[in-house]
Amino acid sequence: TYYFRVCKYDGSKCTLTSSTYTFTFAPIPEDPAFVLRNDKTVTEPGRVLLLWDALVPKPVMLYVLWSTSDKPVFPKDILDKIDGDATSYDTNDKLIPGKSYNFRLCKYNGSTCTEYSNALQVTAPEDKP
């Protein structure tokens with residue numbers, strides 16, 4: 001939420017000030033066709049491979065978001081940025097084995113996030129004894 005007021009400036013100070021106005025941007029929508037999946041064949045400790053179908057139209061960029069909250073949000077939870085024509089993201093071994101993470105992607109148009117994928121909870125694979 002943004003708060004703003006207008007003032008009449010006489011050259012040295014405000015002489016008259018308007019009431020305070022507020023503005024709140026609408027939340028970023030989730031695109032039901034933008035489905036994030038986990039490749040469950042990946043079993044290396046701490047590694048997760050996220051997959052999705054090619055996006056049309058192709059966004060300028062995608063942000064990979066992650067958090068322990070249910071639905072990661074832009075820009076607070078940015079993990080990485082990738083090209084808009086990507087269809088996968090590999091965390092390699094950045095994650096703590098056995099820990100649960102919530103992932104989400106956002107379509108970035110060059111100035112802001114315009115739509116989210118679904119949120120996906122994944123537990124990073126653990127070491128096999």
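This is a predicted model: local features need pLDDT of at least 70, side-chain atom pairs count only at pLDDT 80 or more; totals for chains, interfaces and linings use all residues.
Which residue in E11 is the bridge partner of Lys-107? Residues are numbered from 1 along each chain as its sequence is written, and side-chain values use heavy atoms, with hydrogens and water left out.

The partner of Lys-107 is Glu-115 in E11. Strands are DSSP runs (E, at least two residues), numbered from the N terminus, and two of them are taken as paired if DSSP finds at least two bridges between them. Strand E10 (residues 100-108) and strand E11 (residues 113-116) run antiparallel and are joined by three bridges. Together, E10 and E11 form a hairpin with four residues between them. In the turn, Gly-110 has a positive phi of about 110°.

An open sheet is formed by three strands in the order E5-E6-E9, with antiparallel pairing. Strand E5 (37-38) and strand E9 (88-90) stand at the edges; each has a single partner strand, so one side of each is left without a neighbour in the sheet. Between E5 and strand E6 (residues 49-51), which run antiparallel, there are two bridges. Within this pairing, Arg-37 is positioned opposite Leu-51 in E6.

Strand E10 also contains Asn-102. Asn-102 counts as buried because its relative accessibility is 7%, the class being defined by under 20% relative accessible area, with exposed over 50% and partly exposed in between (1.4 Å probe, protein chains only). Polar contacts were assigned to pairs of N or O atoms within 3.5 Å; within protein, one atom must be able to donate a hydrogen and the other to accept it, and residues adjacent in sequence count only if both atoms are side-chain atoms. The side chain of Asn-102 reaches the backbone oxygen of Thr-68 at 3.3 Å, and a polar atom of this side chain lies 2.6 Å from the backbone oxygen of Ser-69. With residues up to four places away in sequence not counted, the residues touched by Asn-102 include Leu-65, Trp-66, Pro-72, Leu-120 and Gln-121 (contact: heavy atoms within 4.5 Å).

Tyr-21 is located in strand E4. With a relative accessible area of 46%, Tyr-21 is partly exposed. Strand E1 (2-4) and strand E4 (21-23) each supply at least two residues of a nonpolar patch.
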